[in-house]
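Welcome! Open your viewer, keep the selection tool at hand, and let's take a short walk through this structure together.

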Amino acid sequence: MLQTFDMLIIGTGPIGYVAAIGFAQAGMKVALIGPADSVKRDGRTVAILDGSVQLLGRLGCWDSIHPFSAPLSHMRIIDDTGSLFRAPPVTFKASELKLDAFGYNVELPDLVASLSTIASGHALITRFDTHVSELSSAGDGSLAAVLASGQTLHAPIILGADGRKSAVRAFAGIEVKEWSYPQTALTAVFKHQRDHHDISTEFHTRQGPFTLVPLPGRRSSLVWMMDPQKAERLANVSDKTLTQEVEKQAQFILGTMNIDGDRGLVPMAGLTVNRYASENIALLGEAAHVFPPIGAQGLNLGFRDVSALLEAFSSKCGPEALAKYNAARQADVKLRTAAVDVMNKSLLADYLPIDLARSIGLLTIASIPPLRRFMMQRGAGY
Ligand SMILES: Cc1cc2nc3c(=O)[nH]c(=O)nc-3n(C[C@H](O)[C@H](O)[C@H](O)COP(=O)(O)OP(=O)(O)OC[C@H]3O[C@@H](n4cnc5c(N)ncnc54)[C@H](O)[C@@H]3O)c2cc1C
């Protein structure tokens, strides 16, 4: 049976849900397509920065997410490269921006479950718990999606929030550039002896950042970027051995630790597109940009995609709004992708002049108040 909507949103990661809630609240009849249980509990958490908290607040989602989040009131960077030109530890405080927190850390499955409940309760959102198996242009100028369940949906606009292997992107003919890094991220959640005091700590090691991010109670999530072979080994050692390695790498700042749940492994990669929209299709989130998890930027960039698209559609719908969206996203996405790439590569380089430049860069940012505030504002997702 053929069904017609104002918009088809493909993908049920956090970005697909938030886009569906946003456009439904703007009065559009939305079809949201994607599996209901697509996110595994493998230690991945996401820090939702202040700019994104404000978007989620405007959309009426934040009050149901806040209770299972932990505030990040301080962000500490420790140079653990062992280089001759190590910068001293630097701590940024949210209070310097007159904020209670730079953002809030949540377990990804909890975030997605909460957004899913909100989307399911919205009268203008119809959910299809399945995959899109084929996309085509219908004769009347609209687009058609054939679902794995056999249904066909029509709409004048499709949003691709279908992640890094986006079929929507391929259908739109949008060019993609992909690359990889010689690193894999190991993710896990730990209980620990000492309070984290709402401080997120990023140790910059020669193989990439080792980051501990607060969760509610005496719990923190770990993102440890390292050489893929070492990551594979640590993914398979006993809980006790892994915990000992993590305690040591963390310089015992959280005391003794205990792993709490499953571990995840994510190969590090990057992806950019040459445009964010075509005449009747827009890409959001990881369908449009991927980079390593440094400085909690990826999902927050996706939330800014949603904000920009809602803003573009607030005055006009259709191709003009999509062109406006495409123009609006160019600088922000390129800048964040390049900044993360440079930071990551500077750690991997193991070359003294680069170490010196990185240390001077961090010290300059930390010690010049207007620059410090500017960088903290960018870091907090503005
Ligand atoms: C270790 C790690 C830590 C991170 N930490 C942070 C952080 O602290 N802060 C931050 O901002 N970002 C962080 N990120 C990035 C963040 O996790 C991602 O940007 C975000 O989860 C991507 O969401 P998405 O909705 O764009 O894509 P996805 O979550 O990949 O969702 C895509 C969805 O599309 C669905 N789909 C695919 N194909 C189809 C199809 N044909 N039909 C229907 N549905 C389809 C999939 O099932 C999936 O549900 C981190 C990333 C990693 C790897």
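**Stop 1: the ligand.** Select the ligand and everything around it: 33 residues surround it, and the closest are Gly-11, Gly-13, Gly-163, Gly-285 and Gly-298. Keep in mind as you look that this is a predicted model.

Now colour the elements that give two or more residues to this shell: α1 (14–25), β4 (45–49), β14 (176–192) and α8 (298–315). Which of them gives the largest share of the shell? That is α8, with four residues. If you colour the shell by residue type, you will find 16 nonpolar residues, 14 polar ones and three charged ones.

**Stop 2: the five-stranded sheet.** Next, select β9, β3, β2, β13 and β20; in that order they form an open sheet with parallel pairing. Which strands stand at the edges? They are β9 (125–128) and β20 (281–283), each with a single partner strand, so one side of each is left without a neighbour in the sheet. Neighbouring strands here are turned by 20° against each other on average, direction ignored.

Zoom in on β2 (residues 7–10) and β13 (residues 158–160), which pair in the parallel sense over three bridges. Click on Ile-9 and look across to β13: its bridge partner there is Leu-159.

**Stop 3: the four-stranded sheet.** For the last stop, select β1, β12, β11 and β10, the order of strands in an open sheet of four with mixed pairing. At its edges are β1 (2–4) and β10 (132–137); each has a single partner strand, so one side of each has no neighbour in the sheet. On average, neighbouring strands of this sheet are turned by 25° against each other, direction ignored.

Finish with β11 (residues 143–147) and β12 (residues 152–155), which run antiparallel and are joined by four bridges. Here, Leu-143 stands opposite Ala-155 in β12.

Definitions and conventions: Residues numbered from 1 in each chain as written. Predicted model: local features only at pLDDT ≥ 70, side-chain atom pairs only at ≥ 80, totals over all residues. Near = placed C-beta within 6 Å. Nonpolar A, V, L, I, M, F, W, Y, C, P; charged D, E, K, R; others polar. Pairing = 2+ DSSP bridges. Axes fitted to C-alpha atoms, helices over the stretch in contact; angles between N-to-C directions.
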